[in-house]
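This briefing walks through a few parts of one protein structure, topic by topic. Please keep the sequence and the 3D view open while reading, and look up each residue as it comes.

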Amino acid sequence: MTDAAEPADAAGPASAAGPADAAGPVLSGRDLTVRFTAPGGRTARAVDGVNIDLAPGEILALAGESGCGKTTVARTLLGLEKPTAGTVTFQGRPLRYRTKDLKAYRREAQLVLQDPTGALNPRHTVYDAVAEGLRIHGLHANERDRVADALSRAGLRPPEKFFLTYPHELSGGQRQRVVIAGALVLDPTLIIADEPVASLDASVRGEILALLLRLRDELGLAAVVVTHDLGLAWNIADRIAVMYLGRIVEVGTVDEVLTNPQHPYTRALVSVLPESPVGEAQVLLGEPPDATTIPGGCRFHPRCPALARGDAHAAGVADACRTQPLPVLRPGTGVACHLVDARTKAPAPAR
């Protein structure tokens, strides 16, 4: 953690500058905040201070329950959502929100949606669906070869067999491969995949995950994968960032986070996995998070199993959990939790 305070209701985007640095992150978010007006005029703090880095060729899983803010973070990283405050940086340069700049950025950063059926126009053939990006960006040279290559890379072979096929004639897995081909045809630097296998049968999910891993290895693609499924993160990601109520509460390598989770929220999520390292399943208390009503202190404390069973009291941090806000995690690894801090600072037992 850092010593950064709970962010104030900042007015506008922070500045970021500096030349592109190939050795640094390909994509970064700094102090990202996204607020909406919810029904009834209340303010929803959907993203409330998020710092995130994506290294070249890395797959980062952004995980958490529905409503935690992970999809909003993904949309903000992609430029589909302008942050209320904070900065998105691509290859060392701040993202600008002029139409021309966004168009150029989206050639480099492509979105893969959860529902391939909804992502594909039922009136367009597979060829037209994949070629659409090329046409939007005015890349007319060698269109047929580029479409064929993208389909082949996505595992639809021979690609010419699918040119005149319509989405309703394909299986769910094939439709998702078409969506992936539509992203690949522009030779992007990174992809952001929002629950990329959630709508697929279990028998097909492994094939799509293997495809994404192969594309990373062959093309050097970096990826942010949004998921509520920690099992998926285990199979595909290099690092995982766990979100709760607009904040990242734990981040680290997949091995660090999933084999030895520290935050009580992460432990509860991991506890329902087969052969969980944390023992029996833990039930989260209360209602799912509401971005219009963020509690004081640790924002997880009303649902925290460790607080409910007395662990925080025994460590002397129960009052802090209820009243003291936690700093925003900086990029890298870390845990935002009073109890974890107390255990880390506790002296080793005498031998």
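Which residue in S4 is the bridge partner of Leu27? In this model, which is predicted rather than determined by experiment, the partner of Leu27 is Phe90.

- An open sheet is built from 4 strands, which follow one another in the order S2-S1-S4-S5 and pair in the antiparallel sense.
- At the edges of this sheet are strand S2 (43-54) and strand S5 (93-94), each of which pairs on one side only.
- Between strand S1, which covers residues 27-37, and strand S4, which covers residues 85-90, there are 5 bridges, and the two strands are antiparallel.

- Strand S4 is largely enclosed by the rest of the structure, because 6 of its 6 residues are buried.
- S4 and S5 are antiparallel and are joined by 2 bridges, and Thr89 is found opposite Pro94 in S5.
- These two strands, S4 and S5, form a hairpin with 2 residues between them, and in the turn Gln91 has a positive phi of about 50°.

**Leu27 in its surroundings**
- Leu27, which belongs to strand S1, has a relative accessibility of 2% and therefore counts as buried, the cut-off being under 20%.
- Leaving aside residues up to four places away in sequence, Leu27 touches Ile52, Asp53, Leu54, Leu77, Val88, Thr89, Tyr105 and Leu190.
- Leu27 and Lys70 are separated by 43 residues in sequence, while their C-alpha atoms lie 16 Å apart in space.

**Helix H1 on the sheet**
- Helix H1, made of residues 70-78, packs on the sheet and touches S1, S2 and S4, with its direction making about 120° with that of S1.
- Of the 9 residues of H1, 7 are buried, and the helix is mostly covered.
- The buried residues in H1 are Lys70, Thr72, Val73, Ala74, Thr76, Leu77 and Leu78.
- Just after H1 comes Gly79, which takes a positive phi of about 85°.

**Helices H4 and H6**
- Helix H4 (residues 126-136) packs with helix H6 (residues 172-184) at an angle of about 30°, and their axes are 7 Å apart.
- That angle makes H4 roughly parallel to H6, because angles under 35 degrees are counted in this way.
- The crossing in which H4 passes H6 is right-handed.
- Where the two helices meet, Val126, Ala129 and Val130 in H4 are in contact with Val178, Ala181 and Gly182 in H6.
- Sorted by class, this contact of H4 with H6 has 5 nonpolar residues, 1 polar residue and no charged residues.

**His338 in helix H14**
- His338 is located in helix H14, which covers residues 338-345.
- Is His338 buried or exposed? With a relative accessibility of 12%, His338 counts as buried.
- Not counting residues up to four places away in sequence, His338 touches Cys298, Val317, Ala320, Cys321, Gln324, Pro325 and Leu326.

Terms used: Residues numbered from 1 in each chain as written. Predicted model: local features only at pLDDT ≥ 70, side-chain atom pairs only at ≥ 80, totals over all residues. Heavy atoms only, no water. Pairing = 2+ DSSP bridges. Contact = heavy atoms within 4.5 Å. Axes fitted to C-alpha atoms, helices over the stretch in contact; angles between N-to-C directions. Parallel < 35°, antiparallel > 145°, perpendicular 65-115°, else oblique. Left-handed = near helix turned anticlockwise from the far one by under 90°. Nonpolar A, V, L, I, M, F, W, Y, C, P; charged D, E, K, R; others polar. Buried < 20%, exposed > 50% of the residue type's maximum accessible area, 1.4 Å probe, protein only.
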